[in-house]
Amino acid sequence: MIVVARGDKSGEDGIPMLLKIPRLFDPWGGYSIIGFGDILLPGLLVAFSLRYDWLAKKNLRAGYFLWAMIAYGLGLLITYVALNLMDGHGQPALLYIVPFTLGTFLMLGRKRGDLKILWTKGEPERVCPHVCLISIEESNREG
C-alpha cells in the first residue's frame, strides 16, 4: 500500500497521489503521508452535507456541514494517534475517518428525522415555487 502511494518503484518523484506532512518532533526529519483518496472520499460527504444545508436553509449549527468537518478532523486525529501507537507503520486512514464522518452523518440524520431523505433523495423536501404561482393564478381567475 505504501509503496504504491509513494511510487518508490518508478525511479522518479512519484505520481502525485499523496501529501507529505513533515513530522514536527522527528530528529531525522521524517514525514507522514496521506493519500488523496483519504481527503477526496470523505470530502464528497462533507460537500454533500454543505449542499444539503444550503438547500434546506439550515444554519451552521443546525446543519450537517459543521459536524461533518469536526468528525473528519477527529478521524484524522485518531489516524495519527494510531500511526504513532503502531511505531510509524502505515495505517489506512479511511479505516478511521469513514466511521467518524459517516457515523456522525447517519446518527444526526436519524436523530433529526432526515435520514430517509438524505439516503434516498439527497435534497430536502421543498414546495416548488411554480406550484404556488399556479395556484395563486388559478384562484385569481376563479375569483
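Colleague: In which loop is Asp114 found?
Modeller: This is a predicted model, with residues numbered from 1 along each chain as its sequence is written. Helices (H or I, at least four residues) and strands (E, at least two) are DSSP runs numbered from the N terminus. In those terms, Asp114 sits in the loop between α4 and α5.

Colleague: Thanks! What pattern does the protein chain follow along the sequence?
Modeller: The protein chain has six helices and two strands. Read along the sequence, they give α-β-β-α-α-α-α-α.

Colleague: Which element has the highest mean pLDDT?
Modeller: The chain averages a pLDDT of 79, and 75% of the residues score at least 70. Where pLDDT is low, the predicted coordinates should not be read in detail. Helix α1 (residues 2-6) has the lowest mean, 56, while the highest, 92, belongs to helix α4 (residues 94-112).

Colleague: Does Asp114 count as buried or exposed?
Modeller: Buried means under 20% relative accessible area, exposed over 50%, and partly exposed in between (1.4 Å probe, protein chains only). Of the 143 residues in the protein chain, 26% are buried. Asp114 has a relative accessibility of 12%, so this residue counts as buried.

Colleague: Which residue forms a salt bridge with Asp114?
Modeller: Asp114 touches Tyr52, Lys58, Tyr64 and Gly109, not counting residues up to four places away in sequence; contact here means heavy atoms within 4.5 Å. A salt bridge is a side-chain nitrogen of Lys or Arg within 4 Å of a carboxyl oxygen of Asp or Glu. With closest N and O atoms 3.0 Å apart, Asp114's partner is Lys58.

Colleague: How many residues apart in sequence are the parts that Lys58 and Asp114 tie together?
Modeller: Lys58 is partly exposed, at 26% relative accessibility. Because Lys58 lies in the loop between α2 and α3 and Asp114 in the loop between α4 and α5, the pair links parts whose separation in sequence is 56 residues.

Colleague: At what angle do the axes of α2 and α3 cross?
Modeller: Axes are lines fitted to C-alpha atoms, for helices over the stretch in contact, and angles run from 0 to 180 degrees between N-to-C directions. Residues making the contact include Val46 and Leu50 of α2 and Phe65 and Tyr72 of α3. The two axes come within 8 Å, and their crossing angle is roughly 160 degrees.

Colleague: Finally, what is the positive phi of Lys57?
Modeller: Most residues other than glycine have a negative phi. Lys57 is in the loop between α2 (37-55) and α3 (65-85), and is exposed, with a relative accessible area of 74%. Although Lys57 is not a glycine, its phi is positive, at about 55 degrees.

How values were computed:
Predicted model: local features only at pLDDT ≥ 70, side-chain atom pairs only at ≥ 80, totals over all residues. Heavy atoms only, no water. pLDDT = per-residue confidence, 0-100.
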